[in-house]
Amino acid sequence: MSEMDQYLGMFIEESTEHLQTINTQLLELEKNPEDISIVQEIFRSAHTIKGMAGTMGFEDLANLTHKMENVLDMIRNSQTKVTSELLDVIFSSVDLLETMVTSISEGGDGKANVSEVVSALAKIESGEEVSHLDSSETIETPAEFTYDQYERTILLEAKEQKKNVFEIRVTIDEGSVLKGARAFMVFQAAEELGEIIKSNPSTEDIENENFEFSFAIVLVTSEDKETVTEKILGISEVSGVSMVKAAPDTKQEVKKEQATNKKETETTQEKKTKTPATQSKSIRVNIDRLDNLMNLFEELIIDRGRLEQISSNLKDHELTETVQRMTRVSGDLQNIILSMRMVPVETVFNRFPRMVRQLSRELGKEINFIIEGAETELDRTVIDDIGDPLVHLIRNALDHGIESPTERVSNGKPEQGTILLRAFHKGNMVYIEIKDDGGGLKKEKILNKALENGVVTQEQSIALSSDEINQLIFASGFSTADTVSDISGRGVGLDVVKSNIEKLSGSIHITSEEGKGSTFSIELPLTLSIIASMLVKVRNEQYAVPLTSIVETALIQKQDIQYVHNQKVILFRDKIIPLIFLDDYYAVPGEQENREALSIIIVQKGEEIAGLVVDELIGQQEIVLKSLGDYMKDTHSISGATILGDGTVALIVDSGTLIGRKVSING
């Protein structure tokens, strides 16, 4: 490795951090345009990037930063005022700088087409007025669409499924007196061919006829260009259809996001000392090294379990004492290693203010976006995968939760809507909430849509509680193809969000009051690698049940088991609890003992609860979670496996999935 290569990694990391600082401070400057201290902070970061880029030989990057620096210097010297148009230009400059740094991180030369932004910066320097320059204009697309992280993921999935993604502009005859109705017919025709993931203007504006005589959509379809064109042109009063394939290289874009996220998580690992007179010391540790360290420690945990078992069997006093000391020391070491892998959720949250700012302007809505608990820490493996679900939930709150300013005023609300994104610890879990003061979920509309789509039957719908109706929007197969519906219909349902969160051993719940707003609450484990569990015996096998899902354990009498709707249940602490016999559910081989007293583990997921019937409770133990990989990818209700002290393998029960499947087991 050359000396320049050694410095390149440091340049990319520090540039990424400074660009994030600039993004955050620009949003603060928009709120407080007279605060020169914010401008000074932005200027320092820009100046540092310029110097590093010049030293590394990235002249385009250094020159663009220099131009941006000149404008910042004018602001701090009161030679120009902070306006929305000026901030748009600087935001566009930062977008380009991020693109260039990402290009460098992927082995590119860091060059980009900067002429439009440089021209706008030059106009500001010369004292000319600048027209609105949206940051999306700097992204190279053949039509008027730009894509955020979540939408690029959709495009990537479509590409992998060999589907076409068309950006389509539809023109309606200027003599049409029902252009909104014609647009609705176009949407219906397009959705018969595939899924609409975006429109310009928004579906709400199109429904209200707030557009001229043309609009654009992005369609994911298996059909070819000619079929789509013929279908849309067949609608009365449609005078023209033009389309191109979606231009962004989605693999490259998603890779760019992942690269940026990885840089953000290569973070300082020592806890900051809070002594005022002492400055904290920290070093950068590459994520790969931390992964290797964790893998080695996981092997140590397995060997520790083996030693504990040997010590118990031999009953040697000195060996027992030594193993106990080793357990204490390795426990402290475990806490240190796990804390080193913890990353503040700020690394994810920092991306959202820009997204909210841009989307709220597109929707014509005033949004007060509040972030709380950004310092809350999560394991790096969880941080890497939580971004996409949060993007979709925040977009959902913006687009479909918060009403238009006119509607809010008519309902006695302030024009400005509020979205709160907060994170906090509770026990061994981290909670992330997205709360809005919008219109709330319309339960009657959700239930009707669920009945229409076959998600529930008429008989089932009668018995559904209010919370269960809310949960229907997460159901697989729940579709909102009606684009003028108040329910979110962006082409990918919330079932994708839910499945992604459950892959992280998490869960998501909704509380909503119509007219008042909604709260989406995500529950996530602190770490996914080493977990505390209850070991149980089921016939001749051992299983592990994570402690985070266990409410309590108990002994019940076989004679107390009753049947409700062909499901075995028991009345426990004044609650009817369904029973799941693990030996039958997992088809465990071996003879079933005929006992009057049964051991059960009460597990809970959100508001749902169940009792797992086992043969014996062995005891609590920390275990190393190992993925089953592709060998058993279709296994239901098993989240992984672990190696026990005697070398045997125990499967880890995914009690959340067990409860969710609402199985009926005859034990």
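Let me start with a question: does D574 count as buried or exposed, and at what relative accessibility? Please keep in mind, as we go, that this is a predicted model. D574 counts as exposed, because its relative accessibility is 76% and the cut-off for that label is over 50%. The residue sits in the loop between β16 (567-572) and β17 (575-581), and its phi is near 65 degrees, which is a positive value in a residue other than glycine.

Now consider R539, which is not a glycine and yet has a positive phi of about 55 degrees. R539 belongs to the loop between β12 (530-538) and β13 (541-546), but with a relative accessible area of 14% this residue is buried, since buried means under 20%.

The next loop, between β2 (194-200) and α8 (203-207), holds P201, and here the peptide bond from N200 to P201 is cis, with omega near 5 degrees.

Finally, I come to helix α11, residues 287-314, where a simple length check can be made: at 1.5 Å a residue, its 28 residues should span 40 Å, and the end C-alpha atoms are 41 Å apart, so the two agree. Just after α11, K315 takes a positive phi of about 55 degrees.

Terms used:
Residues are numbered from 1 along each chain as its sequence is written. This is a predicted model: local features need pLDDT of at least 70, side-chain atom pairs count only at pLDDT 80 or more; totals for chains, interfaces and linings use all residues. Side-chain values use heavy atoms; hydrogens and water are left out. Helices (H or I, at least four residues) and strands (E, at least two) are DSSP runs, numbered from the N terminus. The expected span of a helix is 1.5 Å times one less than its number of residues. Buried means under 20% relative accessible area, exposed over 50%, partly exposed in between (1.4 Å probe, protein chains only).
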